[in-house]
Protein chains: 2
Amino acid sequence: VQSQRVSSRRWAALIAATSGVALAVSTGAQAQALKDVQTADKPLVLKAQGSFFVGGETVEQTAGELGDLGPSGHITVNQMYVRYMVPQGGDGNVPVVMVHGATLTGKSWETTPDGRIGWDEYFVRRGHPVYVPDQVGRGRSGFNQAAFNNARTGTAPATGLARWIRFSDEVVWPNFRFGSKPGEPYADSQFPVAAVDELSKQGVPDVSFGGLPNPNPTFKALSDLATQLNGAVLMGHSQGGPFPLAAALLNPGVAKGLVLVEPGRCPADYTDAQIKTLAAIPILVLFGDHRDTPTGIGIRPSWQLSFEGCQKLIDRLTAAGGQAEMLDPAARGIKGNSHMIMQDKNHLQIADLILKWIDERVVKRAAGKK
Amino acid sequence: VQSQRVSSRRWAALIAATSGVALAVSTGAQAQALKDVQTADKPLVLKAQGSFFVGGETVEQTAGELGDLGPSGHITVNQMYVRYMVPQGGDGNVPVVMVHGATLTGKSWETTPDGRIGWDEYFVRRGHPVYVPDQVGRGRSGFNQAAFNNARTGTAPATGLARWIRFSDEVVWPNFRFGSKPGEPYADSQFPVAAVDELSKQGVPDVSFGGLPNPNPTFKALSDLATQLNGAVLMGHSQGGPFPLAAALLNPGVAKGLVLVEPGRCPADYTDAQIKTLAAIPILVLFGDHRDTPTGIGIRPSWQLSFEGCQKLIDRLTAAGGQAEMLDPAARGIKGNSHMIMQDKNHLQIADLILKWIDERVVKRAAGKK
């Protein structure tokens, strides 16, 4: 199962060797990132912070499904964990919900791999209540373990088990577009590649490709969360990128704005009625640079195809009177952004573009100022 | 796998029927807890907050082990996620690390099931930097998925799979000592039983009984975290209750104090040398009430046995010149506390007892005032 242990210093060495740039050397596979964590100059003043759950259903399971620690009984599954921060004086501002992508958790939006402030805190400091879930099936939301225990006890065949995916460190480089090959960053890469080992630690096994109920319970949980918040901007990244669209279709009135950050795909099969519904909601789609990089994995030859699919959706929404927009920083001269754009070195510059859009398209529009 | 869906209102109904007390009715299995979340009167002023990882090792896995999304490659496993908050002006105070118990995550210490402030925030408001990990193998720390994918593809037999445990809602009542039977709380129970469905949502599958490297990587990660913090009070709960002892033995100098909250067990097999090491560290063991309740699960007939085992360890440490103490609120007239004592209705009263102990036994002692 586990094999050769590899010093993660090799990345730093590879990078230094191939880029010719002197980089801070990580302390290896046992790298301890606390020392790199930066502290802001001004305190963070919160009206409130904490966590809660949305959704979930009660199911009955056998003793074996529960791991044989006691008799059969009921547990909750498919609930969604949400952590939140509300800035002092900002509780009247539009909340922003940030949903992570595949093989990741809400950690995506927190402190960056090289220790800079996360978008979660930055949006709070800019006045927005921020809600960060873990998708159902991952992180603190948990998953339904019954099938795995049934395979173990022979109650069900193991061939029926859902697969757990992780992106290898080697796949991450081209797939997240730090460079076309592992250890060889693009000269203008905005990702903090010296801290790429810390990104590797953000990875968790992901059962969402086949191992969750259909539709994914996270869609309804996001919609319910926006309802509880009396409206929110829904932001999703990568595999979670299209989730705001799915949530908005369940309750359009509470989807004040949708921000799709490097979405894995934009659906091409919406009905005209669905397009009409989505056309009434401000939608921003954001993609970074180097989109033609071959990813090396089967499900997506390049991110340019995702970009083009989203542009088609934007065109369709526009034709229906909608106000969807593509934000392509590279086309504005902001080069080198990666798939992990919320962790890139210029992540606050990108955040400011989103915040400006929220202010103009969501806040001022709602106030009737535009 | 999933069977009968059960309205979780049954608990509230059962409780109301059996206790004769009018309780707030939950909104059912789709209960949405945000509405119950309370906000403090005063803002929370943080010098810093964020998250990072401790430890982790790089392993090479096959394409199948990675879920067949790409070729074979390396990933990081056994890292420990840590979220932290540092109060403004409190960064010179002793940090407190809070480790959760079995089938749970760091959520244990956050907002309570009925929406009150968690111990994480309370200790921050009382001046301590607080660090909340997810144990290796759970939550945002992830787990090693390779064996499960190997069983799926037939590369390894499913009979070799580690089991995942969850406590059923029925087991939780006696095991966490809300009452001797499900839905029948003790008359003096301090647990907010009307919100017990929200506790159920905190449950995640737990592979730590047989599915982790030995020793558990969390021990070393906790020790390393305390080292990075230049010393910390290590607090553990339930299955994680003895973890502070294990971490302290790895690097005693940085274990400024150990707080064992309802530890599942206190080791009885320490060598005299280990006892001598631990005797130099202030240690507090805390147990709630109703410890004779039969748990109904095999690994622990009653928590009274855990209490007695810990008393024996305290006696042994005392004989070696140590300063370990048992905190038994029931013996002081504070009745009805449960296993989830950090979520009980009087959780701040209990927290104050711990904070007083930290001040007297850790802070003042270090300052040479005692």
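This is a short tour of a predicted model, stop by stop, with what to select at each one.

Residues are numbered from 1 along each chain as its sequence is written, and chains are lettered from A in the order in which they are written. In this predicted model local features need pLDDT of at least 70, side-chain atom pairs count only at pLDDT 80 or more, and totals for chains, interfaces and linings use all residues, while side-chain values use heavy atoms, with hydrogens and water left out.

**Stop 1: the two chains**

Color chain A and chain B separately. Chain A can be laid on chain B by a turn of 180° and a shift of 0.0 Å along the axis, with an RMSD of 0.0 Å; the superposition is by least squares on the C-alpha atoms of residues with pLDDT of at least 70 in both copies. The two copies are thus related as by a two-fold rotation axis. To find this axis, select Gly139(A), which of the residues of chain A comes closest to it, at 2.0 Å (C-alpha).

**Stop 2: the interface**

Select the residues in contact, meaning heavy atoms within 4.5 Å. Chain A gives 106 residues and chain B 107 residues. Because 100% of the interface residues of chain A are also interface residues in chain B, the copies meet through the same surface. About 8,800 Å² is buried between the chains, with carbon and sulfur atoms giving 51% of it; this is the accessible area (1.4 Å probe) that two parts lose on being put together, summed over both.

Now look for polar contacts (a pair of N or O atoms within 3.5 Å; within protein, one must be able to donate a hydrogen and the other to accept it, and residues adjacent in sequence count only if both atoms are side-chain atoms). Between chain A and chain B, 36 residue pairs are in polar contact, both residues being at pLDDT 80 or more. Several elements of chain A each supply at least two residues to the side that touches chain B, among them strand E1 (44-61), strand E2 (73-87) and helix H6 (217-228). Helices (H or I, at least four residues) and strands (E, at least two) are DSSP runs, numbered from the N terminus. E1(A) provides the largest share of that side, 17 residues.

Zoom in on E1(A) and strand E1 (residues 44-61) of chain B, which pair in the antiparallel sense over three bridges; strands pair if DSSP finds at least two bridges between them. Here Leu44(A) stands opposite Leu46(B).

**Stop 3: salt bridges**

A salt bridge is a side-chain nitrogen of Lys or Arg within 4 Å of a carboxyl oxygen of Asp or Glu. Select Asp134(A) and Arg140(B), whose side chains meet in a salt bridge (2.8 Å, N to O).

Next, select Asp328(A) and Arg291(A), a salt bridge with its closest N and O atoms 3.0 Å apart. Asp328(A) is in the loop between strand E8 (324-327) and helix H10 (347-366), and Arg291(A) in the loop between strand E7 (283-286) and helix H9 (303-319), so the pair ties together parts that are 37 residues apart in sequence.

**Stop 4: backbone details**

Most residues other than glycine have a negative phi, and most peptide bonds are trans. Select Asn214(A) and Pro215(A): the peptide bond from one to the other is cis, with omega near 0°. Pro215(A) is in the loop between H5 and H6 of chain A. Finish at Ser238(B), where phi is positive, near 60°; Ser238(B) lies in the loop between strand E5 (232-237) and helix H7 (243-250) of chain B.
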